[in-house]
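Please examine the protein shown below together with its ligand.

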Amino acid sequence: MTITNDIAITGAGYSGLTLALRLQQLGLDPILYTAADPATMRLERLPNTVGRFPHTLVREAALGVTDPVGAADIGRIEVAVGPPLGLAYAGRLTRPLRATDFRVLLPDMLELYFGRGGRLVIAPELGRDLIGSIVGRHRITVVTSGRASIDGMFPRNPARSPYQQPQRLVLAGLFDGLAPPEGAVCLNLIPGVGEVVQMPIVTSWGAGTSILVNAVPGGPLAPIVSADPDVGFPARLAALLEVHAPAVAERVDRSRFALAGDRHWVRAAVVPTVRRAWCELAGGRLALAVGDAWIVNDPITGQGANLGSRSAWVAADHIAGLVGDVGGDGVDGRRRRPDAAFGRRVEEAMWHYAEPVTSLTNAFLQPPPPHVVALQQAAAEHQAVADHYVDLFDDPPTMWNVLASPLAVDAFVQRARGEAGPAPVAAARPAA
Ligand SMILES: Cc1cc2nc3c(=O)[nH]c(=O)nc-3n(C[C@H](O)[C@H](O)[C@H](O)COP(=O)(O)OP(=O)(O)OC[C@H]3O[C@@H](n4cnc5c(N)ncnc54)[C@H](O)[C@@H]3O)c2cc1C
């Protein structure tokens, strides 16, 4: 049975689409407002370069979302830590991650939702004001319009948002003349300078490869992030890779190295921000914020979309739990209305997982404390530690527990070493 119950979603990004598909799966009939149709979405500028971790892929599979042909599993994370540490290791993932250009994946998800009878309003003129009026029209509106969000409805939570400024300047692009790291993400951590990530990614023309430059403001990588990508850009980037990310530079063919096209790169600088996730409105209406509209994390740990998927799932389950009893008392005696109390419950349930993700990501933006350096050294020396450690990117709460103290790191290393480690795999070269 399909229950309408007047639920709106504004924004057809990864969070909004996950939410729409999940609500639909739970028998609800939301209405999804989007600024673009699938054909337009396919022609947009590259929005990001997202690696989706195994738990996220499990949720996608449950929704019937499939990757395009050619999407390859990524089974390793090759880490190179630059000077003064200068070490490298390659950890094998128990379950692979995958990267698909969102301009391919999201229109497919939108078509899946629509093909299953999902209600859709395509309104290119949608703007912030219009979102406000949509919220006023529906009993529950979930705002999934991304990191610009709506300050008036979802104020920043200062206690959960330690930064006032971007901690990294980001440039990501798809490149020609760059061999992919076969089946691996290549993660270069360059202390005081930033991070460089190379990843195989399936895009509209098949297998591609991306580079993400995450530059510390004022550092040596910062100028390339703000450079005009037309003027000598490939040569300048290649030169920087040689110094700071030699494992990536080795895969560059200087004679062909270039951005794959005008639309295939993006710049960003995010202020890591946690907002309030709900806003009670007059007339028994409620707005919820999910995904980047609620929490924006720096891309450094690759968690934003993964968290958006998880939060959308949690929000959908809560909304479904509410439906059928709106305005009355629930069987468990709790009021079941889309009111502030419900908003708080949804926020609390989402925050349970989002808190360690956010703490972890904010900590990665700072120089690592000695016990985290010790963990990196142990990973470089013992394959089993490397394998167990890279698996934790799919389990941020556990990763955050492990990184929280020297004792927890010791226990983790001992546990990992106690198990028979598989044969060592080729490690990435550390940055010079
Ligand atoms: C370079 C880069 C690399 C990244 N790498 C990773 C990674 O490896 N792993 C990871 O998990 N995350 C990564 N992220 C973060 C990830 O991209 C975001 O967290 C995620 O895409 C957020 O999804 P969302 O649906 O919440 O918001 P968005 O993706 O911003 O989607 C919002 C949607 O709402 C639409 N919209 C906006 N305004 C309106 C409006 N007024 N009305 C209607 N619609 C509107 C937008 O067009 C868009 O379609 C990366 C980000 C960047 C920039």
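In this predicted model, the centres of domain 1 and domain 2, taken over C-alpha atoms, are separated by 29 Å. The domain assignment builds each of them from several stretches of the chain: domain 1 consists of 7–50 + 102–163 + 271–364, and domain 2 consists of 68–99 + 167–269 + 368–432.

The two domains touch each other, and the contact takes 22 residues from domain 1 and 27 residues from domain 2. On the side that belongs to domain 1, helix H4 (102–115) and helix H10 (340–364) each contribute at least two residues. The largest share of this side comes from H10, which supplies six residues. Sorted by class, the residues with which domain 1 touches domain 2 comprise 13 nonpolar, five polar and four charged.

Helix H10 also packs against another helix, H9. The axes of H9 and H10 come within 10 Å and cross at roughly 155°. An angle over 145 degrees counts as roughly antiparallel, and H9 and H10 are therefore roughly antiparallel to each other. Their crossing is right-handed. From H9, the contact is made by Leu307, Arg310, Ser311, Val314, Ala315, His318 and Leu322. From H10, the residues that take part are Phe342, Arg345, Val346, Ala349, Met350, Tyr353, Ala354 and Val357. By class, this contact of H9 with H10 has 11 nonpolar, two polar and two charged residues.

Helix H9 leads on to the ligand. Which element supplies the largest share of the shell around the ligand? That share, four residues, comes from H9. In total, 37 residues surround the ligand, and the closest are Gly11, Gly13, Gly146, Gly291 and Gly304. At least two residues of the shell come from each of several elements: the helices H1 (14–25), H5 (128–137) and H9 (304–322), and the strands E2 (31–34), E8 (169–176) and E13 (265–268).

The shell also draws on both parts of the protein described at the outset, with at least three residues from each of domain 1 and domain 2. Its residues divide into 15 nonpolar, 19 polar and three charged.

H9, in turn, contributes four residues to the shell around the ligand.

How values were computed
Residues numbered from 1 in each chain as written. Predicted model: local features only at pLDDT ≥ 70, side-chain atom pairs only at ≥ 80, totals over all residues. Near = placed C-beta within 6 Å. Nonpolar A, V, L, I, M, F, W, Y, C, P; charged D, E, K, R; others polar. Domains from an automatic or database assignment. Contact = placed C-beta atoms within 7 Å. Axes fitted to C-alpha atoms, helices over the stretch in contact; angles between N-to-C directions. Parallel < 35°, antiparallel > 145°, perpendicular 65-115°, else oblique. Left-handed = near helix turned anticlockwise from the far one by under 90°.
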